Amino acid sequence: MTTFIRGATLLAMGGGTGAEPFTGDLLIEGDRIAAIGPSLAVPEGATIIEGAGKLVMPGLVNAHLHSNEALFKGRYDNMPLEVWMLYAYPIRAAKALPPRLVYLRSMLVAMESLRTGVTCITDDLYESPRSELELMGAAIDAYDDVGIRATVSAHVVNRNFLDTIPFTRDYVPTHLQEEIDAIQPVTTPDYLAFVREAHARFHGRSGRIRTMLAPSAPQRCTPELMLAANELAKEWNAPFHTHIVETKVQAVTGPEFYGKSLIAYMDDLGLLNPWTTIAHSIWVSDADIERMGRAGVSVCHNAISNQKLGAGSAPVRKLLTAGVNIGLGSDGICSNDTPRIFDVMKAAALMHKVNNPDWSRWLNASEVLHAATLGGARTALLHEETGSLEAGKKADLLILDAQTASFTPLNDVRNHLVYCENGSSIEKVFVNGEMVVENGRLTRVDEKALLAELRALMPEFLEYTKGVEAANGELEPAFTKVVQRCYGMDVGMTRWASDA
């Protein structure tokens, strides 16, 4: 199929024009952009979309999300990460969900993502109590059916939960420690067998689905597992996707466990590489940042989630100056409560203005848009395929009505996108050359019917969830003491607006 967009305002984010808007045409042939520029010839038989009053830009990239949290959206608030995880990632009383519920949960995330302009997601998928191929397949089936581009992991933790956070054994009651100690973590050979089978089954499906390696964090995984995952990531040209120093507790963790920061620990193991993508990177020192820049890693900045969980503010300007690639992520769908990247763009643009009185160092709209598109694609090692409007790249793009209230009166398109737009001006969304959203309607699935089916299943799930919450709530007093103890320790920096 050939589609010709004529006379639109184009924001290419690459190809020499970057974030500078210009008027021109764009030609889609099959799943790729065939040409972009002013006054292109219209091929015979092409479907023509008139671009006057329209803005065409790359689809947004959600560089870090956990779709498994979607059934908890709107449920939890005012908890730091280590307490919140007891409920969102329960260690006690959890059981595998039915595959159909996982499918609908994933579809919920994908449908909202597409309607609000996200064409590419990185889903760091975690199933409690552990990953199963059938459940990973259910999530991927949803992404395949709805038409989104997705990189999906089998998120893994292979250390005893109590030994991933400092001081837990000082406070968790003995009988609960004994119960948790009886849980057998996945072994490295079993994990490698799982990810190899997942890669063989799912990688490359429909030209849109990829797999990645996702050891949860250096304090949650053994060096043996992380090194093996890193080798596979390098072999498959897949991301090595992990979490490092999201919270002050984790800033304490590195010195307590290893006598050095978690970034230094990773570096010493040889695990900082151009294919390494780090979610969060908040409590990093200048020495850590220098290591990260030298290695050429990527960071997923989760501006809303980091605020909701009280984690702090990542030193994004320092990271960029050091040469670290930045993408934007929603993070989990109950630590953010939506997968909307337009929201994250605005939050990221605003939050760093209050961290530094030197306004020359504040993020500008072009930098934020780069992180939401090409920078995000780079975190998934997809920057040669998507993230910008360039000939030869996949046709993943948005067409917005530039005559809505969000763009009236029209001044700087980039500022309007970051500060004024929320996705409501989107008219069409293309992924892989296919129109998957038209005038707010998903073209491949019946959204209303799928949401109704999910709602019908929720009463049973919520009854189960109440039991899980009660079981894990027994751990909350101990973990509150752990967090408070870590918060009272000096780590040589603060990433909060106040250190009171």
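Predicted model: local features only at pLDDT ≥ 70, side-chain atom pairs only at ≥ 80, totals over all residues.
View 1. Is H2 mostly covered or mostly uncovered? H2 is mostly covered, with 14 of its 17 residues buried. Just after H2 comes Gly117, whose phi is positive at about 95°.

**View 2. Four strands form an open parallel sheet.** The strand order is S6-S7-S8-S9. Which strands stand at the edges? They are S6 (60-65) and S9 (209-211). Each has a single partner strand, so one side of each is left without a neighbour in the sheet. From one strand to the next, the twist averages 15°. Strands of a sheet pair through backbone hydrogen bonds, either parallel or antiparallel. Here S6 and S7 (residues 118-123) run parallel and are joined by 4 bridges. Leu65 stands opposite Asp123 in S7.

**View 3. Helices H8 and H18 cross.** Two packed helices are described by the angle between their axes and the distance between the axes. The axes of H8 (residues 248-258) and H18 (residues 476-487) come within 9 Å. They cross at roughly 75°. Angles of 65 to 115 degrees count as roughly perpendicular, and H8 and H18 are therefore roughly perpendicular to each other. From H8, the contact takes Lys248, Val249 and Val252. From H18, it takes Val483, Cys486 and Tyr487. By class, the contact of H8 with H18 has 5 nonpolar, no polar and 1 charged residues.

**View 4. Two prolines follow cis peptide bonds.** Most residues other than glycine have a negative phi, and most peptide bonds are trans. The bond from Ser128 to Pro129 is cis, with omega near 5°. Pro129 lies in the loop between S7 and helix H3 (133-146). The bond from Thr408 to Pro409 is also cis, with omega near -5°. Pro409 lies in the loop between strand S14 (397-401) and helix H16 (413-420).

**View 5. Asn78 and Asn439 have positive phi values.** Asn78 has a phi of about 55°. Its loop runs between S6 and helix H1 (81-88). Is Asn78 buried or exposed? At 72% relative accessibility, Asn78 counts as exposed, because the cut-off for exposed is over 50%. Asn439 has a phi near 55°. Asn439 is found in the loop between strand S16 (434-438) and strand S17 (441-442). At 58% relative accessibility, Asn439 counts as exposed.

How values were computed. Residues numbered from 1 in each chain as written. Heavy atoms only, no water. Pairing = 2+ DSSP bridges. Helix = DSSP H or I, 4+ residues; strand = E, 2+ residues; numbered from the N terminus. Axes fitted to C-alpha atoms, helices over the stretch in contact; angles between N-to-C directions. Buried < 20%, exposed > 50% of the residue type's maximum accessible area, 1.4 Å probe, protein only. Parallel < 35°, antiparallel > 145°, perpendicular 65-115°, else oblique. Contact = heavy atoms within 4.5 Å. Nonpolar A, V, L, I, M, F, W, Y, C, P; charged D, E, K, R; others polar.
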